[in-house]
Amino acid sequence: MPTPRGRAAVAQHGRRRGGSRARSRRRPLTVTLTALALPVAGIAVDGLTGSAPGPAFVVAAVVAAILGAVTCSRAGAWWVAYAPPLVVAPITAVAEGLTGGAVGGHGKGLATSAVHWSVDAFPAMAAAEAALLAVLAARWIRSRRSTRRNGV
């Protein structure tokens, strides 16, 4: 007979298996901070090479999205699925602002700057969202298969 998992294990044994509650709270925070720091590091690398935002930013955003999708809970998947645009857009806007693409810089207005930031952010946003959805879909398919094998 299989052992209970998730909420059933907590109800039966009074605690989660595999560690203390404090450690389980710390892990999501660490993963979240890492996932936020990766795109910042990627755009910084691109800024140093003169191609901000460029390929390092795209790769870092994809890795951050995959990290979030792999480590999130089933319920958290709904929150993570919407994260790439909310992370990539502000990082791009701040980077553009710091490198001279800010409002009023080079004769640009707010609307023109916003369009420029959107165009620069789109490749990273789209690649990160596609990778994240692929990982979440794979997790969902795998969970459905394991449910069928267990006869539930």
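Is the crossing of α3 and α5 left-handed or right-handed? The crossing of these two helices is right-handed, a term used when the near helix is turned clockwise from the far one by less than a right angle.

## Basis of the model

This is a predicted model, in which local features need pLDDT of at least 70 and side-chain atom pairs count only at pLDDT 80 or more, while totals for chains, interfaces and linings use all residues. Residues are numbered from 1 along each chain as its sequence is written, and side-chain values use heavy atoms, without hydrogens and water.

## Helices α3 and α5

Helix α3 covers residues 55-71 and helix α5 covers residues 83-98; helices here are DSSP runs (H or I, at least four residues), numbered from the N terminus. They pack at an angle of about 150°, and their axes, lines fitted to C-alpha atoms over the stretch in contact, are 11 Å apart. That angle makes α3 roughly antiparallel to α5 (over 145 degrees between N-to-C directions).

On the α3 side, F57, A61 and A65 meet P84, V88, I91 and T92 of α5, where contact means heavy atoms within 4.5 Å. By class, this contact has six nonpolar, one polar and no charged residues.

## Residue T92

T92 lies in helix α5. Not counting residues up to four places away in sequence, T92 touches I43, P53, F57, W117, D120 and A121.

## Annotated regions

An unreviewed UniProt entry lists residues 52-72, 79-101 and 121-141 under "transmembrane region"; such annotations may be inferred rather than shown by experiment. Over residues 121-141 the chain is 100% helix and 0% strand, with the end C-alpha atoms 30 Å apart; strands are DSSP runs of E, at least two residues.

Key: Axes are lines fitted to C-alpha atoms, for helices over the stretch in contact, and angles run from 0 to 180 degrees between N-to-C directions. Angles under 35 degrees count as roughly parallel, over 145 as roughly antiparallel, 65 to 115 as roughly perpendicular and the rest as oblique. Ala, Val, Leu, Ile, Met, Phe, Trp, Tyr, Cys and Pro count as nonpolar, Asp, Glu, Lys and Arg as charged, and the others, Gly among them, as polar.
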